[in-house]
Each structure stands twice: as structure tokens, then as C-alpha cells.
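Please look over the structure shown here before reading the notes. The notes are grouped by topic and can be checked against the picture.

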Amino acid sequence: MKDLVRQNLSIHVEIMDLLNKQIEKEAHSSSAYLAMASYCDHNALDNSAKFFYDQSLEEREHMLKIFRFINDNGGTAYSPEVSKITHDFNSLEEIFETALEQEIAITKSIHNIVYKCRKLQDLASEHFLQWFVNEQMEEEQTMRSILELFDLMGTEGLGLKLLDERIPGIKGSV
């Protein structure tokens with residue numbers, strides 16, 4: 001019965017499997033951003049904490065968007081397990097560098113799924129993923145813009161506090 005269901009999917013079965021792996025990556029990102037928010041909270045970086053709480057929620061929304069797409073197209077989405085979340089950071093700059101690396105990895109993963117969609121001629125999934133391609137460009141630009149502030153304002157004392165105050169305006173301006 002399971003094989004019959006898999007044959008009647010609106011999306012290619014290999015794409016469904018890749019999308020389920022992407023769900024895991026989005027869930028991991030959401031949890032990683034929570035850990036980053038906690039560091040910021042504990043270090044009185046209120047705006048950065050809010051930024052990462054919001055990022056965590058956004059990644060969870062991405063995960064659910066993919067989850068629903070799979071189910072809506074006859075597939076089976078799997079609830080992910082999340083492990084290996086880093087909670088130890090040395091600085092806010094390190095957190096944003098880690099966040100950028102994470103976003104770049106997500107971008108590469110999305111692009112690889114799009115390339116596979118093209119190869120398998122799964123147009124519905126490719127069309128669905130275009131939103132994520134655009135979203136990832138924005139996410140990377142946001143992280144890079146914030147990291148540029150560290151070069152301008154510094155990583156300690158007043159510079160760090162002023163940088164934290166600028167965080168709320170960056171996401172919307174990219």
C-alpha cells in the first residue's frame with residue numbers, strides 16, 4: 001500500500017525525501033536561534049535576543065511551510081528530531097558569524113533541491129521552492145549587514161551596546 005501511495009504523489013518521491021531532510025535543517029536552525037537568543041538575553045543584549053527569537057519563529061514557519069507542502073501533495077512529512085545544538089558562545093559577533101554560516105548552509109541545501117527538481121522535472125516543487133530561494137537571499141544579506149556593523153562599531157563596551165540598538169532596523173532595511 002505504501003508503495004502505491006508513493007507512486008501517486010503530486011511531487012517526485014526523491015524530492016519528498018529531500019524536503020523531509022530540509023524540514024530537519026529548518027528545525028535545527030530554529031533551535032539554534034533559540035540558543036543564540038538565550039545567550040543574548042543573559043548578556044543584556046535585548047534587541048539581539050528579540051532578533052534571534054524572531055529568527056527562531058521564522059525558521060519554524062519555514063519548516064511548517066515545507067511540512068504542509070509535502071502533506072498537501074500526497075506525501076508524508078516527518079516531524080524532525082533536533083540534537084547537537086550549540087549553547088556556548090564567546091561573543092555576539094561569533095553568534096552572527098555562526099548564523100551567517102547556518103543561513104549559507106540552508107541556501108545551499110535549498111539550491112540543491114531546486115537543481116534536483118529540475119533534473120526530475122518536478123515543476124510544482126521547483127515553483128514552491130522559489131519563495132525559499134528569495135527568502136534565503138534576504139536572510140544572508142541581513143546577517144552580512146549586521147556583521148558589517150561589528151567592523152564599524154566594535155565588539156565591546158559602548159560599541160556593542162550601540163550595535164545592539166541598531167539590530168531592530170536592519171532586518172526590514174535589507
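The points below cover the overall layout, individual helices, helix packing and aromatic pairs.

This is a predicted model. The chain holds six helices and zero strands. Its C-alpha atoms fill a box of roughly 65 × 25 × 20 Å along the principal axes.

**Overall layout**

- Read from the N terminus, the elements follow the order α-α-α-α-α-α.
- Helix α2 covers residues 13–42, helix α3 covers residues 46–72, helix α4 covers residues 92–120, and helix α5 covers residues 123–153.

- Helix α2 is built from 30 residues, and the distance from its first C-alpha to its last is 44 Å. That is close to the 44 Å expected at 1.5 Å a residue.
- After α2 comes Ala 44, which has a positive phi, near 55 degrees.
- Helix α3 is built from 27 residues and reaches 39 Å from first C-alpha to last, close to the expected 39 Å at 1.5 Å a residue.
- After α3 comes Gly 74, and its phi is positive too, near 90 degrees.

**How the helices pack**

Two numbers describe a pair of packed helices: the angle between their axes and the distance between the axes.

- *α2 with α3.* The axes of these two helices lie 8 Å apart, at an angle of about 165 degrees. An angle over 145 degrees counts as roughly antiparallel, so α2 and α3 are roughly antiparallel to each other. The crossing of α2 past α3 is left-handed. The contact of α2 with α3 has 17 nonpolar, eight polar and four charged residues.
- *α3 with α5.* Here the axes come within 12 Å and cross at roughly 170 degrees. Helices α3 and α5 are therefore roughly antiparallel to each other. On the α3 side, the residues in contact are Phe 51, Gln 55, Glu 58, His 62, Lys 65, Ile 66 and Phe 69. On the α5 side, they include Phe 128, Trp 131, Phe 132, Met 143 and Ile 146. By class, the contact of α3 with α5 has nine nonpolar, four polar and four charged residues.
- *α4 with α5.* The axes of this pair are 9 Å apart, and the helices pack at an angle of about 160 degrees. That angle makes α4 roughly antiparallel to α5. The crossing of α4 and α5 is left-handed. In the contact of α4 with α5, 17 residues are nonpolar, five are polar and eight are charged.

**Aromatic pairs**

A pair of aromatic rings is described by the distance of the centres and the angle of the planes.

- The structure has nine aromatic pairs.
- One of them joins Phe 52 and Phe 96, with ring centres 4.8 Å apart and 40 degrees between the planes; the pair is tilted.
- Phe 52 belongs to helix α3 and Phe 96 to helix α4. The two residues are 44 residues apart, and the pair links distant parts of the chain.

How values were computed: Residues are numbered from 1 along each chain as its sequence is written. This is a predicted model: local features need pLDDT of at least 70, side-chain atom pairs count only at pLDDT 80 or more; totals for chains, interfaces and linings use all residues. Side-chain values use heavy atoms; hydrogens and water are left out. Axes are lines fitted to C-alpha atoms, for helices over the stretch in contact, and angles run from 0 to 180 degrees between N-to-C directions. Helices (H or I, at least four residues) and strands (E, at least two) are DSSP runs, numbered from the N terminus. Angles under 35 degrees count as roughly parallel, over 145 as roughly antiparallel, 65 to 115 as roughly perpendicular and the rest as oblique. Contact means heavy atoms within 4.5 Å. Ala, Val, Leu, Ile, Met, Phe, Trp, Tyr, Cys and Pro count as nonpolar, Asp, Glu, Lys and Arg as charged, and the others, Gly among them, as polar. A crossing is left-handed if the near helix is turned anticlockwise from the far one by less than a right angle, and right-handed if clockwise. The expected span of a helix is 1.5 Å times one less than its number of residues. Rings of Phe, Tyr and Trp (its six-membered ring) pair if their centres lie within 6.5 Å; planes under 30 degrees apart count as stacked, over 60 as edge-to-face and the rest as tilted.
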